[in-house]
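Hi,

Here is the structure I promised to pass on. Have a look at it first, and my notes follow below.

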Amino acid sequence: MTGLPLDTIKGFSDAHPKPSELHFQYGTAGFRTLGNTLDSVIFRVGILAGLRSKKLDGRTIGVMVTASHNPEQDNGVKLVDPRGEMLETSWEAHATVLANAPTTDALLEALEVLVASAKIDLSKPSRVVYARDTRPSAPALISALEDGFKALGVEARDGGVTTTPILHYLVKAINTKGTSESYGEDSEDGYYTKLSESFKKLIAGRTKPGPLVIDCANGVGAHAAAKLAAYLGETLPLILENTATSTPGTLNDSCGADYVKTLQKLPPNLVDTMKPGQRACSLDGDADRLMYYYLDERGLFHMLDGDKIAALVAAFIVELVKLAGLDSEVKVGVVQTAYANGASTKYLAERLPVKCVPTGVKHLHHAAEHYNIGVYFEANGHGTVIFSQETQEKLAKYEPSTPAQSTALNHLINLTQLINQTVGDALSDMLLVEVVLAHKSYSGVEWNSLYADLPNRLVKVVVGDRNSFKTEDAERRLVNPPGLQAKIDDLVQRYEGGRSFVRPSGTEDVVRVYAEAAVKAQADELAFRVAGLVYDEAGGDASKRPKEFLP
């Protein structure tokens with residue numbers, strides 16, 4: 001077995017020294033922090049991606065340079081495994097170790113330990129496809145990444161400036177090319193063709209949708225939406241807003257999915273565009289989250305978030321499976337987190353199995369894979385639908401006995417092509433929503449009336465050590481500090497429709513408190529009372545207790 005090209009790696013590594021005062025952590029979103037601090041990390045990720053490919057027998061690994069919904073000064077990087085899924089959890093630790101090696105010599109040592117412990121055959125080929133979003137810091141970081149590829153001799157393909165979901169699509173398409181599981185042509189053109197052709201089939205014979213406004217967050221989704229619009233033609237007219245991808249400081253600024261979800265209002269520059277009844281949606285900075293909304297006849301704003309999308313889509317798929325005569329063989333399930341609105345959980349649980357998992361896309365994705373058809377959406381608008389390979393084969397072979405069954409079957413098969421099953425994809429999800437609205441003849445009003453959200457409130461409590469808070473039952477109950485959950489339970493019982501949970505943040509020293517109740521004022525009060533309990537438990541000085549925490 002050949003060894004690592006240590007001299008070559010050393011030569012490149014010396015040009016990308018690690019900042020001594022910083023510690024980097026690979027989390028759910030990969031590495032993410034200020035873009036101007038990431039040079040050494042991204043270089044090392046280039047080497048890691050090459051080693052991951054060698055470990056997996058030369059299959060292609062994806063690398064995406066993005067910070068999604070974060071402010072423009074941030075950037076980040078994440079790796080994508082061969083089926084288009086997130087990096088295997090055990091390798092997150094390897095990424096963190098390599099990123100924090102203080103010197104070139106320490107990096108070389110860490111690489112040798114990794115090769116030995118992971119039993120990587122260095123004689124295997126290494127192949128990577130990589131891409132970036134529109135952030136100003138990206139070109140320099142891509143240069144560092146390419147140095148990482150050169151250091152290990154990686155065969156690298158540049159996917160250019162594109163969305164995170166398209167990069168995930170490319171990874172799966174490359175790795176399944178020429179097999180029975182072929183995912184599509186491994187190019188951007190292949191992606192747009194696959195989505196637009198299946199969309200056109202699905203809405204054939206339906207009333208043509210009116211124009212849809214898309215807030216592109218001044219991010220890479222603006223490029224992708226413009227290309228998609230050309231493929232869709234007149235089938236779905238798109239009105240693109242917030243497309244200033246080269247204007248400094250505009251990315252995710254007062255626009256985008258995260259802005260809409262957090263502030264629950266229109267992006268300011270859509271106020272003049274939007275008319276009552278107009279459908280609109282917002283993408284985030286790398287186009288993997290989607291938030292829908294509309295104005296009613298009085299001009300009032302109504303948000304249709306990930307929970308509303310899950311309810312719309314899951315109920316439609318259950319209906320199609322039943323119409324196709326497959327309900328005894330194909331089981332549909334929904335996966336949510338504790339942040340899902342209680343009203344959405346109730347609506348869904350009356351129609352199909354619902355599972356709650358800890359926060360984080362990887363938990364949702366893995367749980368969804370346990371169903372024949374698994375639907376998952378976080379309330380923030382990130383989600384997709386996964387059809388198991390066995391289910392896709394069943395749909396291909398199934399012989400319907402009536403014309404109605406045949407129609408429903410064709411719709412299901414086309415949905416497997418329309419939906420980007422590798423990851424949440426705002427553009428694919430947008431087309432999916434438009435299909436359901438066309439089939440049901442729903443406007444935003446009918447969609448929104450599927451259920452009424454329970455009033456809710458989210459509060460952050462700054463604590464000295466978030467690690468002293470431990471949870472169980474998919475983060476819905478505290479086991480540590482002892483006794484605190486009993487006090488929360490006691491409070492919750494005093495409120496009609498009351499529900500509250502406390503969980504430590506995965507990224508900062510805060511504890512998040514979520515509360516619901518039948519009335520908005522009560523949801524606010526419950527949230528602040530629970531926050532007060534958390535503040536006291538964290539050893540806070542009662543005299544400095546934040547004023548909004550009620551006694």
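To start you off: in which loop is Ser441 found? Ser441 is in the loop between helix H15 (426-440) and helix H16 (444-448), where helices are DSSP runs of H or I with at least four residues, strands are DSSP runs of E with at least two, and both are numbered from the N terminus. Ser441 is not a glycine, yet has a positive phi of about 55°.

A word on what you're looking at. This is a predicted model, so to speak of local features we need pLDDT of at least 70, side-chain atom pairs count only at pLDDT 80 or more, and totals for chains, interfaces and linings use all residues. Residues are numbered from 1 along each chain as its sequence is written, and side-chain values use heavy atoms, with hydrogens and water left out.

The chain splits into domain 1 (6-161), domain 2 (189-194 + 204-303), domain 3 (306-449) and domain 4 (456-549); the bounds come from an automatic or database domain assignment.

Now the strands. S2 (residues 60-65) and S4 (residues 127-132) run parallel, joined by 6 bridges; strands pair if DSSP finds at least two bridges between them. Ile61 has Val128 in S4 as its bridge partner, and Val128 also stands opposite Ala156 in S5. S4 and S5 (residues 155-161) run parallel too, with 5 bridges. From S4 the chain crosses through helix H5 (residues 138-152) to S5 in a right-handed β-α-β crossover (with the strands pointing away from the viewer, the path from the first strand over the helix to the second runs clockwise).

On to domains 2 and 3, whose centres, taken over C-alpha atoms, are 22 Å apart. Here 25 residues of domain 2 are in contact with 26 of domain 3 (heavy atoms within 4.5 Å). Between them they bury about 2200 Å², 63% of it on carbon and sulfur atoms; buried area is the accessible area (1.4 Å probe) lost on being put together, summed over both parts. Arg206, Leu290 and Tyr292 supply 26% of the area domain 2 buries against domain 3, more than any other three residues.

There is 1 salt bridge across this interface (a side-chain nitrogen of Lys or Arg within 4 Å of a carboxyl oxygen of Asp or Glu). Glu434 and Arg279 meet in a salt bridge at 2.8 Å, N to O.

Pro481 sits in the loop between strand S17 (477-480) and helix H17 (484-492).

Cheers

Note on methods: Buried area = accessible area lost by both parts, 1.4 Å probe.
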